[in-house]
Amino acid sequence: MTPAFQSLTIPAIAGIGLRSPHIKEMLSRRPSAGWLEVHAENYMGDGAGVEALERLRETYPLSVHGVGLSLGSARGVDHDHLQRLRKVCERFQPDLVSEHLAWSVADGAYLNDLLPLRYDEEALAIVARNVETVQDTLKRRVLIENLSAYIAFADSSMNEAEFLAELVERTGCGLLLDVNNVYVSAHNLQYDAEAFIDSLPSDSIGEIHLAGHATNQVGADTVLIDDHGSRVPPVVWTLYQHAISRLGPRPTLIEWDTDVPVLDVLLGEAMWADMLSASIMFNRKQAVRRNQSAGHRSTPIRLPVDNEPTTSMPVLAAFAAARSAGPSVSATPASIEEQYHAAA
Amino acid sequence: MLPLEHLQTTMARSVLAVEPLIAAKMLTAGTADPLARLRVYQNNTRSSLTAVLMAVFPVTVRLVDERFFRFVASEFIRRHPPVESRLARYGAGFPRFLKTIDTLSDMPIVAETARLEWTIAEALDAACLPSRTLSEYDSTNLGPSPDIVLQPSLRLIVSHWSILSVWTAHQQEAAIDQQSAWIRRPQRVALWRAGDNVRLALLDRANFAFQHSLKHGLGLEHATSRALAHDPSFDLVSALVRLFGDGLVTDVRVCPRPFSN
């Protein structure tokens, strides 16, 4: 019998992908993780992992991430698989459900990889129809994730971002922005990663993914492989910073699928994502306050913060702001903390 | 321009390397060679599915050496790719495929051990229901032939080879005396999921027939007669105590008494 879970909304903070080596520790420690995401296909049976997830679901908000629906398949989605996904959603009652803008089934075979589409009107009509089928079946909006790609099709008539924007328009689906995928594809196919993010409909982005990638040298070609097998690299953090600056905080997932490290490494990456996001929002609010303060004064003054070294850490930034504000702002720890919470 | 379905079929066959590659002019990859980039997808598919098979068949990997296993797995993946994205179901045909490998023709125990490992994988993906105790039925009139319902994860497997001995010997890192383990000796194995683990037990012919009949819902009376046919000294009480003791009984249903005049 399916237990009735309390509705737990996924907050706009970082969560982690639940992987089997961590399940026992998650059950015993119940660490402070904002939320969990699982691959739907791993929970379609009745094994021990399913029982464990039911227990974890009592504590953590949950996102179900499909990897096998093959939304881009010209022959449509597999009805049986969609029904299995529906049962997973009914069983675990996740707050978010997502899939990929990709195909993995053709010619009767499942390739266990996410392949790119030819981005044109024919594919758009097919994917839109498939997404509508999924949303009708699940009776909810799903988020569609951008792809990490190594090739593209010469006959595409639009780019992936344009395709996704049109898909949102036609189906009302949301988007899952995988920042690592943007970086990997932009490098491999040579386009501007920030411009890709900027051209997505920002209001539709309901979740962000972060992960590491591998760098392979094949002759003269440096190809980035989306292997989810390492820490989020600095270049991806930088792109994440760009995304959060534009979008504001979003639920952000740390993905790690190969060479999975100890749980604390994932939790540490999630904490870093939270700090980075909080720092961006803190600095943004500080800037707004400075501008408002400048606007209210009759004579222009030089803002003290302009002379201070900038820092991306919210606590340090708070100290810097308190110092430079001088006597008008109390420098007691309580005030600093208050200011930080107000900003974050 | 190819219709999308045709294009995807061509790509899928290219990724599985069963047909000549897709025309390079249809692909782009920045300044890189698109056909070289296509190999990324070929590698991803082969390596990820090989990893799936290695996780399901760890003892088979040790029996034949990892490099040979990877070679055989690649052939299996190319000829028999998954037909669905639920990878817990991928590998059912692998033991049978091993039987077709010429190099393994004088080592039938390899395919038989793989068959046991696949059965274990099936059990681990099955439900583990709360078990009942004998004492729960102390004051219940169960009638002449109650229907005993067993754990859905229970699997029964019979082999001409000593598959359980081989499998058990490879659960430790100790050196394996393969010659003594590879014995042509029939073994009947019952296995079921218990929490995160699987439990395995050797059965004699009578107990195997007994559990087999119960598993297929044939009722206690039929199961007992099948067991007695194999062994006139079959001990029904011991068999029932064992079933309950192993946590295999999930329900006992009273069958309606047939109408008689």
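This is a predicted model: local features need pLDDT of at least 70, side-chain atom pairs count only at pLDDT 80 or more; totals for chains, interfaces and linings use all residues.
In chain A, eight strands close into a barrel whose order is E1-E2-E3-E4-E7-E9-E10-E13, with parallel pairing. Neighbouring strands of this sheet are turned against each other by 30° on average when direction is ignored. One residue pair can be located here: Ile144(A) has Leu175(A) in E9(A) as its bridge partner.

Helix packing in chain A is illustrated by H4(A) and helix H5 (residues 160-171) of chain A. Two packed helices are described by the angle between their axes and the distance between the axes. For this pair, the axes come within 10 Å and cross at roughly 45°, which makes H4(A) oblique to H5(A), since angles under 35 degrees would count as roughly parallel and those from 65 to 115 as roughly perpendicular. The crossing in which H4(A) passes H5(A) is right-handed. On the H4(A) side, the contact is made by Leu124(A), Val127(A), Ala128(A), Val131(A), Glu132(A) and Gln135(A), while H5(A) contributes Phe163(A), Glu166(A), Leu167(A), Arg170(A) and Thr171(A). Divided by class, the contact of H4(A) with H5(A) comprises six nonpolar, two polar and three charged residues.

Chain B contains eleven helices and six strands. With a radius of gyration of 24 Å, well over the 18 Å that the globule rule gives for 261 residues, chain B is more spread out than a compact globule. Along the principal axes, the C-alpha atoms of chain B fill a box of roughly 85 × 45 × 30 Å.

An open sheet of three strands in chain B has the order E3-E4-E5 and antiparallel pairing. Its edge strands, each of which pairs on one side only, are strand E3 (155-159) and strand E5 (197-203) of chain B, and the twist from one strand to the next averages 25°. Between E3(B) and strand E4 (residues 187-194) of chain B, the antiparallel pairing extends over five bridges, with Ser159(B) standing opposite Gln187(B) in E4(B). The antiparallel pairing of E4(B) with E5(B) extends over seven bridges, and in this case Leu191(B) stands opposite Leu200(B) in E5(B). E4(B) and E5(B) form a hairpin with two residues between the strands, in which Gly195(B) takes a positive phi near 65°. Helix H9 (residues 205-215) of chain B lies across E3, E4 and E5 of the chain, and runs at about 140° to E3(B).

A further helix pair in chain B consists of helix H2 (residues 34-56) and helix H4 (residues 66-79), which pack at an angle of about 115° with their axes 9 Å apart. H2(B) is therefore roughly perpendicular to H4(B), and the crossing in which H2(B) passes H4(B) is right-handed. From H2(B), the residues Arg46(B), Leu49(B), Thr50(B), Leu53(B) and Met54(B) meet Phe69(B), Arg70(B), Ala73(B), Ser74(B) and Ile77(B) of H4(B). The residues of this contact of H2(B) with H4(B) divide into six nonpolar, two polar and two charged.

Between the chains, 41 residues of chain A are in contact with 42 residues of chain B. On the side of chain A that touches chain B, the elements giving two or more residues are helix H3 (79-92), strand E5 (103-106), strand E6 (109-115), helix H4 (121-138), strand E8 (152-153), helix H6 (179-189) and strand E12 (221-225) of chain A. Of these, E6(A) gives the most, with six residues. The composition of the side of chain A that touches chain B is 20 nonpolar, ten polar and eleven charged residues. Strand pairing also links the two chains, in that E8(A) and strand E1 (residues 27-28) of chain B pair in the antiparallel sense over two bridges. Within this pairing, Leu27(B) in E1(B) is the bridge partner of Phe153(A).

Notes
Residues are numbered from 1 along each chain as its sequence is written. Chains are lettered from A and ligands numbered from 1 in the order in which they are written. Two residues are in contact if their C-beta atoms, placed from the backbone, lie within 7 Å. Helices (H or I, at least four residues) and strands (E, at least two) are DSSP runs, numbered from the N terminus. Ala, Val, Leu, Ile, Met, Phe, Trp, Tyr, Cys and Pro count as nonpolar, Asp, Glu, Lys and Arg as charged, and the others, Gly among them, as polar. Two strands pair if DSSP finds at least two bridges between them. Axes are lines fitted to C-alpha atoms, for helices over the stretch in contact, and angles run from 0 to 180 degrees between N-to-C directions. Angles under 35 degrees count as roughly parallel, over 145 as roughly antiparallel, 65 to 115 as roughly perpendicular and the rest as oblique. A crossing is left-handed if the near helix is turned anticlockwise from the far one by less than a right angle, and right-handed if clockwise. The radius of gyration is taken over C-alpha atoms; the globule rule is 2.2 Å times the number of residues to the power 0.38.
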